[in-house]
There are 2 protein chains.
Amino acid sequence: MQWQLRGDRPIYQQLVEILTEQIVSGQLAAGDKVPAVRELAAQAGVNPNTMQRALADMEREGLMYTNRTSGRYVTEDKEMIQKIREQIASDRIAEFLAGMSQLGFSEQEVYSLLEKRQGEGNKNGTEK
Amino acid sequence: MQWQLRGDRPIYQQLVEILTEQIVSGQLAAGDKVPAVRELAAQAGVNPNTMQRALADMEREGLMYTNRTSGRYVTEDKEMIQKIREQIASDRIAEFLAGMSQLGFSEQEVYSLLEKRQGEGNKNGTEK
DNA sequence: ATGATTGTATTATTATCATAGTACAATAAA
DNA sequence: TTTATTGTACTATGATAATAATACAATCAT
């Protein structure tokens with residue numbers, strides 16, 4: 001798993017984001033056992049308390065549940081997972097377009113810029 | 001000016017972002033006088049120290065300069081402004097596509113979702 | 001010259017975040 | 001039964017962010 005954390009936002013929030021992406025993209029499938037808190041914390045290179053906070057947040061959302069001492073599992077509600085995936089995508093699209101609009105790009109210009117990328121295969125430091 | 005601040009990121013960073021957008025979009029034009037620190041802080045509803053920090057950051061970037069006691073002004077280097085605008089746009093596009101990819105959307109799917117929006121005119125809470 | 005406005009600096013206080021270290025309860029495994 | 005693993009709770013510490021409250025220096029307008 002890739003734990004690429006940045007310093008410009010609370011770490012526990014980024015952990016929630018990364019784990020959620022893992023779930024909605026199926027890399028952590030419905031019903032899967034989630035590694036132990038200490039294990040995940042070690043992988044991510046963060047304090048167990050920080051990871052615990054992230055996991056607790058995700059349980060509150062319903063994306064995970066705990067079987068006391070047997071461990072923590074991804075929810076089996078595939079429909080919920082799908083809905084969350086679409087909600088996040090929708091939010092990101094809206095946020096992206098709003099942000100580009102703030103920069104003074106019309107929708108047409110945004111689409112043009114995206115088309116340019118299509119064929120060109122990944123420039124501008126996406127994979128830096 | 002719209003000062004829509006969120007609690008999930010340092011305020012001074014958001015101030016830099018908003019002011020930068022104002023400049024690169026031309027709403028604050030090259031050479032324009034920038035309102036006084038205390039004035040801007042009042043408008044944004046933040047502490048003058050916080051606004052001062054944001055403005056100092058922008059001067060370090062070269063987007064503004066100060067004429068001691070006469071006030072603060074937007075840089076007159078239009079080329080720099082343009083470059084920054086394109087850099088930000090490029091970064092956001094890359095970040096957006098990378099994020100959608102993490103959610104399990106192929107580039108084709110992303111373009112399809114965007115096309116859907118074209119015509120439909122703004123759904124999904126963009127304007128909450 | 002005077003007063004107001006400007007940017008800037010300083011100190012203090014509070015809240016949040018992240019970490020370290022420790023501890024405990026429940027239960028699966030031996 | 002014993003041991004190890006699990007989630008969870010708790011206290012403490014340091015760093016950063018944001019605020020409040022002043023204060024000072026430069027200069028523009030009067």
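I began with the definitions: two strands pair if DSSP finds at least two bridges between them, where strands (E, at least two residues) and helices (H or I, at least four) are DSSP runs numbered from the N terminus. I am working on a predicted model, in which local features need pLDDT of at least 70, side-chain atom pairs count only at pLDDT 80 or more, and totals for chains, interfaces and linings use all residues. Residues are numbered from 1 along each chain as its sequence is written, chains are lettered from A and ligands numbered from 1 in the order in which they are written, and side-chain values use heavy atoms, with hydrogens and water left out.

**Chain B, strands.** I looked up β2(B) (residues 64–67) and found that it pairs antiparallel with β3(B) over four bridges, with Tyr65(B) opposite Tyr73(B). The two strands form a hairpin with three residues between them, and Thr69(B) in the turn has a positive phi of about 70 degrees. On the other pairing, β1(B) (residues 33–34) is joined to β3(B) by two antiparallel bridges, and Val34(B) stands opposite Arg72(B).

**Chain A, strands.** I then checked β3(A) (residues 71–74), from which Gly71(A) and Tyr73(A) point one way and Arg72(A) and Val74(A) the other, all of them buried (under 20% relative accessible area, with a 1.4 Å probe and protein chains only). The hairpin of β2(A) and β3(A) has Thr69(A) in its turn, with a positive phi of about 75 degrees.

**Chain B, helix.** I compared the ends of α4(B) (residues 78–102): its 25 residues should span 36 Å at 1.5 Å a residue, and the end C-alpha atoms are 36 Å apart, which agrees, the expected span being 1.5 Å times one less than the number of residues.

Terms used. Buried means under 20% relative accessible area, exposed over 50%, partly exposed in between (1.4 Å probe, protein chains only).
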